[in-house]
Amino acid sequence: MMAKLILRRLVLSLFILLAVSVLVFFATLLLPGDPARAILGQQATPERVAALQAQLNLDQPAIVRYFLWLGGLFVGDFGMSTAFGGPVSALLSDRIVSSLVLMVLAAVISIPLGLGFGIFSALHRGKRRDKAVTWVSLTLAALPEFVIGIVLVTIFATTVFQILPAVTMSPPGQQVWMFPSQLILPTITLALVVAPYIARMMRATMIDVLDSGYVEMARLKGVPERQVIMRHAVPHAVGPVAQVIAIQLAWLAGGVVVVEFLFRYPGIGQALIDAVTFRDVQVVQAVSMIVAVVYVVVNLLADIVGIMSNPKLRSAS
Amino acid sequence: MRTGTGLRRVEQALTRRGILGGAIGVGSVGLLAACGPGPAAQVDMSGGPQRGGALRVGLSGGSSADTVDAHIPVNSGDSARVINIYDTLLIRGDEFELQHRLAETFETNDDGTVWTAKIREGVTFHDGKPLTADDVVFTFERITDPDDPKSGAAGLAMLDEVVATDDYTVEFRLNEANSALDDALGQYAMGIVPRGYDPENPIGSGPFKLKSFEPGQSAVLEANHDYWDEGPYLDEVHLLNFNDTDAVINALLSSQVDCVGQIPLSLVDVIESDERMRILNSETGMWLPFSMRVDKAPFDDVRVRQAMRLVVDREEMLEQVFSGHGRLGNDMFSPLDPDYPSDLPQRTQDIDEAKRLLADAGYPDGLTVELVTAPIQAGAVEAAQVYAEQAKLAGITVDIRRVDTTTFFGENYLSWDFAQSFWYTRNFIPQATSCALEESSTNETQYTDEDFADTFYRARSETNPRLRGELIRQAQHQLYEEGGYIIWGFGNQADAYQSYVGGFVENATGLPLSGYTFRRNWMGEVS
Amino acid sequence: MSENTVVDPSGMHREDQSAELKQSASKPTNIVQRVWAQSEGRIGVILTALIVLLAFLGPLLAPVLTGYSPTAFADRPFQDSGLFGTDDLGRSVASRFLAGGALLVTYSVAATAVGLIVGAAFGMTAAYAGGAVDAVIMRCNDVLLAIPQLVFAMLAIVVLGPQGWVLIMVIGITHAPRIARVSRAATLNVINEDYIRAAEMYAVPRARIIFREIVPNIMGPLSVEAGLRLTYSIGSIASLSFLGLGMQPPTADWGLMINENRIALSIQPWGVILPVVAIAILTIGTNLLADAIARATASTNVEKS
């Protein structure tokens, strides 16, 4: 039963990715301008344009090009960047690592933060402390990420205090994560976007669990309250919350775009915006696909966690 | 970073300066965060040039297509490299005057068909070989190679052959008279290279040698101590590429680089107020015009064109777009040309006259036009907005259509009816060659007037400076009365550098950082 | 602001909840009162109204209060002159701030409406038709959901250009899949009610069943959804303008102002701070409102159960 459900999800995910690839490829075909001409720029003589078109397979029909492109994706060949010259994979490899660093840091900070405040809030349900957490999380959840980022920059980098860098900047050839102080503000921004959702979900689930007969029983048995919470309540609440956490992580894949732009962080989000500005079709395709893959895979994991933690299915298997 | 020693030195240099930066505080790594008063290190610049040290230059932009080939520089970083690795026969100096470099003399015969260069003796290439007339001949053969013409070839179309008449004399024989060949050769893309030159091993005779090069990332140049002229004082120059203007300015403020070229003019006053920083604010002949297609309605009517010119409040344009750092334009280019007609009355905003001209041209109720703009240069999109606002007064509705730079210079470039352009400092003859004749490669206004062309060709072949000047003024006057460009101003070139860097002087060419002539720079003592 | 959440303010899965909320909209006046009865609701209404008033009165008041129209030049760029100084082109920040909210609010409401209409239409169709139609619609939904909203919007804007209708449609369409899910679930629950079955048996026209019986019954979950989606619309459109892909110069717009002036954040912060504060108040207001609506409908439910 469980295995069948998971398999179904897996097949569905593959189908979704395939459909996304069709959508991305044919949407970018509509972009005006000839990539070969764009690569050659001022040196675009008709012969050189024709030669390069052949080299880039631009003389083939769109459907053939789609399959060539799709085939390339599986071996890490994303084509040639028109704006920067050279293969897209070379352009993106460092940036993918930089973006992953940011996303992992944000996750590492926001998950315990969200869980902690959620539990805290649930244990003080209805009291002023709970209200305070609710208000703060409602407020933070409302704000667009660039608003949170700019507020942080204003407070910590430019206008109020000047203790943290406002933009990322790495000397040529060095990686951005070699300069930890530059990572602080982008990480906090992302964490503040994600944590409120985790906190609210944790609070609601904890309240359900605390009200359950199961916890009641433990209390009646005289188990110390602290142990009731840590041994009995929290583990039961974590299952459903895990799914929300996974969804939030998937969101990070798209959400880094604005945060990277704001902090000039050299990740794939910044690459996407640059590519859009320069009409760099191959990079736009590659980044869209990478983001979609992360998104689908994390959502798949979320589904699997959901299926596994569903007591009905668990008992059935 | 994959390549060896040179880049390790960059890192060492970064760490060394890092100590200096550390004193200023982490806060300086912000969007202009350090502009308030901060503890500035004491710098003694009174002693004059000193030898030694490495200058770290921040460049914005650059890509894996960056080159060190002497003859195909494209972007600003390319020009910084070729200017320092190679030498030219002639070059434009700080005042935009023609300086003799490798050519001790460069003179024409009476009818302008043969020019003779006397090559400086005792100059050697980086590999120790002497530079002779034969290398000059090879250089121009390479530039004008019909199979692979280089950037400068377009300006040398009249060049028939280049002949070495002895070891240090070269004759340039032309197929038509040209009085401005010296101008055409005085470009940085005309560097002299040794016979057998291979761009993979870029040997020149310039003040610096290439030590390492990572396209799109960095280049390290080291001093050529056998250089024939002043300098170089520095041991090394590190050219570091950053993604964009913000990043490079932050690198300057956090002392990761010592100087940056071309900062936004709206930030000049701010950076200047930082006592660690110096601003180099150079008047240039760079122009950021609007271009009207003279063959397309409504701009095919000269009254409409003049009305479009009369709606501009040029003073306001300079204030808003260049923060006041520039000079007024009078709808004519090449303001640094000695024959620029500065006696013509300065055109000013005259809304009534503009309305009258529009009514005469058949637009009594005003006019709606689309202005195509793109961030082709700092200030371009801003200028379009200011123009749209000013044109309203005369009943002209300017719809701004903003496209990206790739689209702007794409298939429709040269066919936008009403758009913008950007040009560096040039004298009249080369400028008009590029943009005001039927044969021009980038005639954005499609201006192909026969009278104008006639005057131009006579001027180009006239070797008598006085007569040539008169012809040029006559041609300029025609542009003033009926041309397709709205030339409202010439923007300054503003660069910023740390106070401990010496040797920067204002430079009118429009190239950043004193025309990238790093041989004159030196590092002051930081105490 | 995180997009792909299935959590609603009370921490329940939206689909589960909407199933319980099927009759929540039966007494709309009650909902308004219930929303107002909560402190969150009151504050949400006040904050939202404040910014909406500012957004729509601002363009009229801007020249009167500041002496400059939003595109007129007041001084050199980034100066301190006037109440809040000048922007990157030397225009009055105060004037542009007053004029900069109208389009954002209008587009956000329009995009939310598009999302609600398209989403509800597909969701109801899927539920009502069932079978293959249902499967196709829901798989298309999954595909759209696999592309992050902002990335999808960027792609569409690059292809179609940053015009107003493109912004509205693109943001609306990115909302549609989530709204479709909600309305599908809500419809499914209504369909199985006896009175619908009876109506079908008596051959009442389908359109009439849909508009008379089903639409009113899914209004409750949709109104909660509307508040939430409005918050996200505001955030998305402001973000796109901030990225330079939304409103285009010389329009006065809060998101675009932040983009244009952030280079001078440390010397002339007002051009950034004012629009940031306005966007923040607006989104907090609509989010509180959405939360209050959710609680109001949920409490209806609690009473009935």
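What pattern does chain A follow when you read along the sequence? In this predicted model, the answer is α-α-α-α-α-α-α-α-α-α-α-α-α. Chain A has 317 residues, and 47% of them count as buried. Now take the contacts in chain A with a separation of 6 or more: residues 24 or more positions apart account for 71% of those.

Helix α5 of chain A covers residues 88–123, and helix α10 of chain A covers residues 225–263. Their axes come within 10 Å and cross at roughly 145°, and the crossing of α5(A) and α10(A) is right-handed. Who meets whom here? On the α5(A) side, look for A:Ser99, A:Leu102, A:Met103, A:Ala106, A:Ala107, A:Ile111 and A:Ile119. On the α10(A) side, they meet A:Val234, A:Ile245, A:Leu249, A:Leu252 and A:Val256. Sorted by class, the residues of this contact are eleven nonpolar, one polar and no charged. An α-helix has 3.6 residues a turn, so residues three or four places apart point the same way.

Next, hop over to chain C. UniProt, in an unreviewed entry, lists residues 105–290 of chain C as "domain: ABC transmembrane type-1". Over that stretch of chain C, the chain is 83% helix and 0% strand, and the end C-alpha atoms sit 16 Å apart.

Chain C also touches chain A: 42 residues of chain C are in contact with 49 residues of chain A. On the chain C side, α6 (131–145), α7 (149–160), α10 (206–242) and α12 (270–304) each supply at least two residues. Of these, α12(C) brings the largest share, ten residues. The chain C side of this contact has 27 nonpolar, twelve polar and three charged residues.

Chain B is where you'll find a sheet. Four strands of chain B form an open sheet in the order β5-β6-β8-β7, with antiparallel pairing. At the edges stand β5 (103–108) and β7 (159–166) of chain B; each has a single partner strand, so one side of each is left without a neighbour in the sheet. From one strand to the next, the twist averages 20°. What holds strands together in general? Strands of a sheet pair through backbone hydrogen bonds, either parallel or antiparallel. For a close-up, follow β7(B) and strand β8 (residues 169–174) of chain B, which pair in the antiparallel sense over six bridges. Here B:Val162 stands opposite B:Phe172 in β8(B). Helix α3 (residues 133–143) of chain B packs on this sheet, touching β6 (114–119), β7 and β8 of chain B. The direction of α3(B) makes about 170° with that of β7(B).

Further along chain B comes helix α7 (residues 302–310). Seven of its nine residues are buried, so α7(B) is largely enclosed by the rest of the structure. Its buried residues run from B:Val304 through B:Arg305, B:Gln306, B:Ala307, B:Met308 and B:Arg309 to B:Leu310. Among the elements covering them are β14 (290–292), α9 (351–360), α14 (465–482) and β19 (485–486) of chain B.

Finally, chain B meets chain C, in a contact that takes 21 residues from chain B and 17 residues from chain C. On the chain B side, α8 (314–322), α10 (380–391) and β17 (396–402) give two or more residues each, and α10(B) gives the most, with six residues. That side of chain B divides into nine nonpolar, six polar and six charged residues.

Notes:
Residues numbered from 1 in each chain as written. Chains lettered and ligands numbered in written order. Predicted model: local features only at pLDDT ≥ 70, side-chain atom pairs only at ≥ 80, totals over all residues. Pairing = 2+ DSSP bridges. Axes fitted to C-alpha atoms, helices over the stretch in contact; angles between N-to-C directions. Contact = placed C-beta atoms within 7 Å. Buried ≥ 20, exposed ≤ 12 C-beta atoms within 10 Å, placed from the backbone. UniProt positions renumbered as here; feature names shortened; annotations may be inferred. Left-handed = near helix turned anticlockwise from the far one by under 90°. Nonpolar A, V, L, I, M, F, W, Y, C, P; charged D, E, K, R; others polar.
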